[in-house]
Amino acid sequence: MSNFKTYLSQLGHDFISLSLITFVALYIIYTIVIKLHLRNYNSKYNAKPVHYKSFRLYSQSLISNSPSKKEKKFYIQTNRITYFFNGILVTAFIIYILICFR
């Protein structure tokens, strides 16, 4: 147990490692959320969205020209999830820059 506490205290002082771990954790959480979102769509409609690709932001023209309302809703929700996690990543990056150079 004391080994674990020592490791956490060293990690707390090493901002580069802490920021790397934070960014990797956010990436993993984002990937899980997107995969669950796609799985929910697949199980609900028994189909995969036509233009689905991982880590993609969908343009307004693709959303407005998509063949069904369910796909439009999926693309809009996927964009919101991606913007949310990108916002968290940018905020975390700014916080770590401020902490490192204060």
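Modeller: This predicted model has four helices and zero strands. Along the sequence the pattern reads α-α-α-α.

Biologist: What makes the protein more spread out than a compact globule?

Modeller: Set its radius of gyration against the globule rule. The rule gives 13 Å for 102 residues, and the protein has 19 Å, well over that, so it is more spread out than a compact globule. The C-alpha trace spans about 55 × 30 × 15 Å along its principal axes.

Biologist: Where does N46 lie, and why is N46 called exposed?

Modeller: N46 lies in the loop between helix 2 and helix 3 (60-64). Exposed means over 50% relative accessible area. N46 has 70%, so N46 is exposed.

Biologist: What is the phi of N46?

Modeller: N46 has a positive phi of about 55°, although N46 is not a glycine. Most residues other than glycine have a negative phi.

Biologist: How much of the protein counts as buried?

Modeller: Buried means under 20% relative accessible area. By that cut-off, 24% of the 102 residues count as buried. The protein exposes about 7,600 Å², and carbon and sulfur atoms supply 65% of that area.

Notes: Residues numbered from 1 in each chain as written. Predicted model: local features only at pLDDT ≥ 70, side-chain atom pairs only at ≥ 80, totals over all residues. Heavy atoms only, no water. Helix = DSSP H or I, 4+ residues; strand = E, 2+ residues; numbered from the N terminus. Buried < 20%, exposed > 50% of the residue type's maximum accessible area, 1.4 Å probe, protein only. Rg over C-alpha atoms; globule rule 2.2 N^0.38 Å. Areas by Shrake-Rupley, 256 points an atom, 1.4 Å probe, with all protein chains shown as cover.
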